[in-house]
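Good morning, and thank you for coming. Today I shall present one protein structure and discuss a few of its details. Please look at the display.

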Amino acid sequence: MKRIFPLLGACLLVFGCSRSDSPRYEAISLEEARLLSGTVLGEPIRVSGVVDQRMMGDYIVMVCLHPEYRCILLDKQGEIVSEFCPVGKGPGEAVVVMSVEPGERAGEVCVYDPQMQKQLFFSLDSLVGGSSYAFRGEKSRQESGDVPMNQVWNLRRVESGLLFVGGNGIISSQRPERFVLTDRTGTPIGRFGDVPPGEDTIAMKVAFMQSRLTVSPDGTKLADGSSFGAILETFDLRDSIRLRSRAYFIEPDFPHDEVGRITAFDRLTFGFGAMASSDDRIYAVYNGTSDAKAMCHVAVFDWEGRLERLYKTQGRVAALCVDPDSANLLYAAVEDEAGEFRLVRFDLPE
């Protein structure tokens, strides 16, 4: 906010947008969801949680919570091919991994460790072949120009360069960026720090602090869904960050203190979970209830945020990915009532 508008800026910061400017929310009707049956593949996967997954050729890379490894490679039948990226701080090791994506070279798998602020690269062919030399190298991101890396929780490669995703720092007045886009030289070419309008600005920021996102396979579009409440945003990433659309389903509304700490979790309504995408569609796990475990719906949107289809599965969907050869074929990590994770294939009706 420029200095010539100090009073207006202060009012917006403290009170948020007026009710007359607030968007209209229209909740997704869960009763209209179509039942989606899946095919369970392979044996239970012995992990305590699944963070992300991605199709890499004919294989699926799953980022998980595992005592020894951060990533698992599976084939399309759900059989574990290899485990890689050991837990640790040394070369080829990671403390935390938030996402997986293709690397900078063909046949390369890349993961990002936000705690150690580094990208790690592995050879897919070596992983498939069982080689112990799958690790290709790593790249430190501790020095990334004026991007505050201690506030970056995710890093994605996009068509123009890199997309840095802000975490807790978005609530800070000193570093409000949610996203910073750089070109291939590391020069920032776009920043985005706005949150959707609303009376409670802090609640809106908290709703997006741990949002779930997906980048289109061609690297030109971004979708971001709030974790609390339910707001879906889409962005264009071609040469800057431009907001394409906002779809308002459930307003983030929960008690919190002055710095955003939630004070009554029983009043939360959970929104979006794992996301995946094709160049034409967004596939988002959706909750819409106060039950954190009810991540059992899969919503299909176009890139303008319009809901096209809604499905209900028979388990909690922790992560999912789209088969690059068929946008109607999804692979998901699904947790059953016993707390076991399985790889499940969903064939979406035409």
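Does arginine 242 count as buried, partly exposed or exposed, and what is its relative accessibility? The answer is partly exposed, because its relative accessibility is 39%, and that value falls between the 20% limit for buried and the 50% limit for exposed. Please keep in mind that this is a predicted model.

Let us turn to the partner of this residue. The side chain of arginine 242 forms a salt bridge with that of aspartate 239, with a distance of 2.9 Å from N to O. Aspartate 239 is also partly exposed, at a relative accessible area of 48%.

A second salt bridge joins arginine 244 to glutamate 304, at 2.8 Å from N to O. Arginine 244 belongs to strand β18, residues 242-250, whereas glutamate 304 sits in the loop between β21 and β22, so this pair ties together parts that are 60 residues apart in sequence. Both partners are partly exposed: glutamate 304 has a relative accessible area of 33%, and arginine 244 has a relative accessibility of 31%. Through shared partners, salt bridges connect Asp236, Arg238, Asp239, Arg242, Arg244 and Glu304 in one network.

In the whole structure, the search finds 22 salt bridges. One of them is formed by the side chains of lysine 76 and aspartate 323, at 3.2 Å from N to O. Lysine 76 lies in the loop between β5 and β6, and aspartate 323 lies in strand β23, 247 residues apart. Are these two residues buried or exposed? Both aspartate 323 and lysine 76 are buried.

I now move to a helix. Helix α3 spans residues 201-209 and is mostly covered, with eight of its nine residues buried. Among the buried ones are Met204, Val206, Phe208 and also Lys205. At the start of α3, a side-chain oxygen of aspartate 200 comes within 3.4 Å of the backbone nitrogen of isoleucine 202.

Finally, we consider a sheet. Four strands form an open sheet in the order β11-β12-β13-β14, and their pairing is antiparallel. Strands β11 and β14 are at the edges with a single partner strand each, so one side of each has no neighbour in the sheet. On average, neighbouring strands here are turned by 15 degrees against each other, direction ignored. Strands β13 and β14 are joined by four bridges, and threonine 182 stands opposite proline 188 in β14.

Thank you for your attention.

Note on methods: Residues numbered from 1 in each chain as written. Predicted model: local features only at pLDDT ≥ 70, side-chain atom pairs only at ≥ 80, totals over all residues. Heavy atoms only, no water. Salt bridge = Lys/Arg side-chain N within 4 Å of Asp/Glu carboxyl O. Helix = DSSP H or I, 4+ residues; strand = E, 2+ residues; numbered from the N terminus. Buried < 20%, exposed > 50% of the residue type's maximum accessible area, 1.4 Å probe, protein only. Polar contact = N/O pair within 3.5 Å; in protein donor to acceptor, adjacent residues only side chain to side chain. Pairing = 2+ DSSP bridges. Axes fitted to C-alpha atoms, helices over the stretch in contact; angles between N-to-C directions.
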